[in-house]
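I opened a notebook for this structure.

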Amino acid sequence: MIEFVGVTKRYPDGTVAVDALDLVVEAGKVTVFVGPSGCGKTTSLRMINRMIDATAGRILIDGRDITEIDPAQLRRGIGYVIQNAGLFPHRTILDNIATVPRLVGWSKTKARARAAALMEIVGLDPALAKRYPAQLSGGQQQRVGVARALAADPPILLMDEPFSAVDPVVRESLQDELLRLQSELGKTIVFVTHDIDEAIKLGDKVAVFRVGGKLAQYDEPGTLLARPADGFVDGFVGRDRGYRGLGFTFADVPLGELPTVQLGAPAAPGWRLVVDAEQRPTGWLPGGLPAEPGNVVPGGSLHDVTSGTLRSALDAALSSPSGLGVAVDAEGRVVGAIAADEVLAALDRRRAAVS
Amino acid sequence: MTWVLANLDRLLSLTLEHLYFSVIPVVLGLVLAIPIGWAAGLRPAVRAVLVNVSGLLYTVPSIALFVLMPVVLGTQIRSQVNVFAALTIYTLALLVRTVVDGLSAVPSGVVDAATAMGYGRVRRFLEVELPLAVPVIVAGLRVAAASTVSLVTVAALVGFANLGSLFTDGFQRDIPQSVVAGIVLVLLVALVLDRIIVYVGRLLTPWTRVTSRPARAVARPASPEVAP
Ligand SMILES: Nc1ncnc2c1ncn2[C@@H]1O[C@H](COP(=O)(O)OP(=O)(O)OP(=O)(O)O)[C@@H](O)[C@H]1O
Ligand SMILES: [Mg+2]
């Protein structure tokens, strides 16, 4: 657990980057600091490992004031990942990852063995071990950055816009990877971004900062979307927040009948869902046409009833050519139809139950 | 050619002497320039002073510096120390600047990352900043070595035998072969030292020669489950 108690940072030129911050970062959770440029996210993050010293207030890690700990010692116990990875250009990938184990005195062999294990954990091809950072793609470099931060198994991980320099597709896969890693490792992660969507996707809790270094709201992502504290947060959270909020709402949606058909069947009126022998959907067949491959139109998104949210249910209905969403089980087999009004009705019932 | 053959022994010993007077100041200058350059980089004010002073030093004529050394150091007029000290000062003047430049060219993100990882200042300097400054330092060292090799010839004027003696002898006794041999050998010494520096530099910087960048990471998008 990391506690900010009345923490203020005033730079020598008078800029107040962080203003009387009170905040508790929970252990084993992902806490995201988000806000517009210059709102003090990086400053707040760097005060945790004493790269920057607070002007006033205290920061406690597991109850211990960090100013009592030698900075180098403190930092070896806190992983740090920065934008563009900050890898050492003169060291191979393996030796980059082995940095902190070496610093804390492991033998070269042991540190390298650990580094090799980490390459596997973060999904890096072992063939890259002997390369230099310049020989890797941006996405691969970020993975190395994460591996390096994790090498000495620190309980805390600080990440400053680690994925903002890679293209959206790679970023998404890095985010998914981080969530997967976190579900296995359970680190205390503080993640800085200016991208609210990234914050909402990754955060167990999200701290929204406003310029001037003030905390505007600190809540779970669903709460942030449903009940922004003020106009600033509302504006920052952005468009479609009602719809995006459904992504954090789980409720049972009653499933309707779904006419299904297999290839080779004769024509019949009305939309029918084409399925394969295992009852997995392959597309939609418009009314009046025989079930031949040339007549099948692509379907919309699928709603997995075991893990889906109201957002995925609504999207399944809205994106389907027939107007009926396809609900599937964990194995991808069709279990029923979703109508958009049923999703809204489920949302109403849930609201009534909560309030 | 016959002159060369007749004087082979002397040419060899003068060449070795020349190497001796060149290599020691360059090595000393480098060893001193590294900590001074580092210290200079830490404080902008110190840095400005050092860079300016070292620039000025370079404008002092070498012959004056050779003659001045005994006065400053209290050494014997005929002591080799004078030559070493003077030439070391020249190398230092060149290399301090180079080291400062090389260190400030290290990407700040890399230095930050090293700090965040828990490096202490000294270890960070030795293991991260200095190795990354090597390419710039090597470039400066090549200039310093070439200039020292040519400055050493001036020391012949104040009585220290080296390849420069071939010029003074050649002029005084009117032996053009001697002057030509001197020029060729000075160039040769400079060239050999330069090659050695480049070679050692390459050994120290294997990472600078990797340019091939493979295709980007295979993107694995979280594909929205789209029914066909
Ligand atoms: N070393 C410094 N000296 C003076 N002011 C600084 C310094 N570092 C940051 N600041 C100022 O402090 C404020 C907060 O900076 P910080 O880097 O923490 O912002 P940020 O939220 O990380 O922004 P970004 O999203 O652009 O990275 C800004 O106004 C910035 O200009
Ligand atoms: Mg920042």
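I began with the record: UniProt, in an unreviewed entry, places the feature "domain: ABC transporter" at residues 2–237 of chain A. UniProt positions follow the numbering used here, feature names are shortened, and annotations may be inferred rather than shown by experiment.

I noted that this is a predicted model, where local features need pLDDT of at least 70, side-chain atom pairs count only at pLDDT 80 or more, and totals for chains, interfaces and linings use all residues. Residues are numbered from 1 along each chain as its sequence is written, chains are lettered from A and ligands numbered from 1 in the order in which they are written, and side-chain values use heavy atoms, with hydrogens and water left out.

I then looked at the make-up of residues 2–237 of chain A. This stretch is 38% helix and 25% strand, and its end C-alpha atoms are 25 Å apart. Helices (H or I, at least four residues) and strands (E, at least two) are DSSP runs, numbered from the N terminus.

**Ligand 1**

Which residues surround ligand 1? I found Tyr11(A), Asp13(A), Thr15(A), Ala17(A), Ser37(A), Gly38(A), Cys39(A), Gly40(A), Lys41(A), Thr42(A), Thr43(A) and Glu161(A). A residue counts here if one of its heavy atoms lies within 4 Å of the ligand. Helix H1 (residues 41–48) of chain A gives the most to this shell, with 3 residues. By class, the shell has 3 nonpolar, 6 polar and 3 charged residues. Ala, Val, Leu, Ile, Met, Phe, Trp, Tyr, Cys and Pro count as nonpolar, Asp, Glu, Lys and Arg as charged, and the others, Gly among them, as polar.

I checked some atom distances next. A polar side-chain atom of Ser37(A) is 2.5 Å from an oxygen atom of ligand 1. For Gly40(A), a backbone N or O atom lies 3.0 Å from an oxygen atom of the ligand. In the side chain of Tyr11(A), an N or O atom is 3.4 Å from a nitrogen atom of ligand 1. Taken alone, ligand 1 exposes 630 Å², and the protein buries 61% of that. Such areas come from the Shrake-Rupley method with a 1.4 Å probe.

**Cavities**

How many cavities of 30 Å³ or more does the whole structure hold? The search finds 3. On a 1 Å grid over the protein atoms alone, a cavity is a set of points where a 1.4 Å probe fits but cannot get out; a pocket is an open set with protein on both sides within 12 Å along at least five of seven lines; lining residues have an atom within 4 Å of a point. Grid points are joined across faces, edges and corners, and a volume is the space filled by probe spheres set on the points.

The largest cavity has a volume of about 60 Å³. H7(A) provides the largest share of its lining, 4 residues. The lining divides into 6 nonpolar, no polar and 2 charged residues.

The second largest cavity holds about 50 Å³. Its lining includes Arg75(A) and Tyr80(A), and also Ala116(B) and Met117(B). S6(A) gives the largest share, 3 residues.

I ended with the second largest pocket, whose volume is about 800 Å³. Of its 28 lining residues, Gly222(A), Thr223(A), Gly245(A), Phe248(A) and Thr249(A) are the closest to its centre. H9(A) gives the most to the lining, with 5 residues.

Terms used:
A polar contact is a pair of N or O atoms within 3.5 Å; within protein, one must be able to donate a hydrogen and the other to accept it, and residues adjacent in sequence count only if both atoms are side-chain atoms.
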